[in-house]
Amino acid sequence: MSWLLLSGAVVSEVASTLALRVAAGGRRSWYALVIVGYAIAFALLSGSLQAGMPLGVAYGVWAAAGIVLTALLSRLLFREALTPVMMAGMGLIVAGVLLVELGGAG
């Protein structure tokens, strides 16, 4: 259950961040979606922690998944840059989170 809640938190946070990009581009009514989406994301993250997920795991997965999904979707939706160096950086972030998680398991 904690992983389902965390997944929902990541999806909500990424959607809110993408909505923030739209709102910052002049569509001010989208700020309402940003606020509601972030509130939902934090509520789901809190639920994930209450369900027993360790904070280090939750925050690491939240951060890495959020960065990667936001960058990929920003490329698709807003035609923002996504260079090989950026992709390598995302790979390093994911690898770093995996190392932190594996190191904590031992």
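Arg79 lies in the loop between H3 and helix H4 (84–105), where helices are DSSP runs of H or I of at least four residues, numbered from the N terminus. Its phi is positive, about 55°, although Arg79 is not a glycine. Most residues other than glycine have a negative phi. Arg79 is exposed, with a relative accessible area of 71%; exposed means over 50%, buried under 20% and partly exposed in between, with a 1.4 Å probe and protein chains only. The model is predicted: local features need pLDDT of at least 70 and side-chain atom pairs pLDDT 80 or more, while totals for chains, interfaces and linings use all residues. Residues are numbered from 1 along each chain as its sequence is written, and side-chain values use heavy atoms, without hydrogens and water.

The loop between H3 and H4 also holds Glu80. Glu80 forms a salt bridge with Arg21, the closest N and O atoms being 2.5 Å apart. The criterion is a side-chain nitrogen of Lys or Arg within 4 Å of a carboxyl oxygen of Asp or Glu, and the count by this rule is one salt bridge. The pair links distant parts of the chain, since Arg21 is in helix H1 and the two residues are 59 residues apart. Both ends are partly exposed: Arg21 has a relative accessible area of 39%, and Glu80 has 28%.

Helix H1 also contains Glu13. Glu13 is buried yet has no salt bridge, and the nearest side chain of opposite charge, Arg21, is 14 Å away. Leaving aside residues up to four places away in sequence, Glu13 touches Tyr38, Ala41, Trp62 and Gly66, contact being heavy atoms within 4.5 Å.

Trp62 belongs to the largest nonpolar core, which has seven residues: Leu6, Ala9, Ala41, Leu45, Met53, Ala58 and Trp62. Helix H1 (2–24), helix H2 (31–50) and H3 each give two or more residues to this core. A nonpolar core is a set of buried Ala, Val, Leu, Ile, Met, Phe, Trp, Tyr and Cys residues joined through side-chain atoms within 4.5 Å. In soluble globular proteins, nonpolar side chains tend to be buried together.

Leu73 is in helix H3 (residues 55–78) and is partly exposed, at 30% relative accessibility. Together with Leu69, Leu76 and Leu77, Leu73 makes a nonpolar surface patch of about 370 Å².

Note on methods:
Patches are made of residues with over 30% relative accessible area and no salt bridge: like charges are joined within 9 Å, nonpolar side chains (Val, Leu, Ile, Met, Phe, Trp, Tyr) within 5 Å. Accessible areas come from the Shrake-Rupley method with a 1.4 Å probe; for residues, only the protein chains shown count as cover. Lys and Arg count as positive and Asp and Glu as negative; His and the chain ends are not counted.
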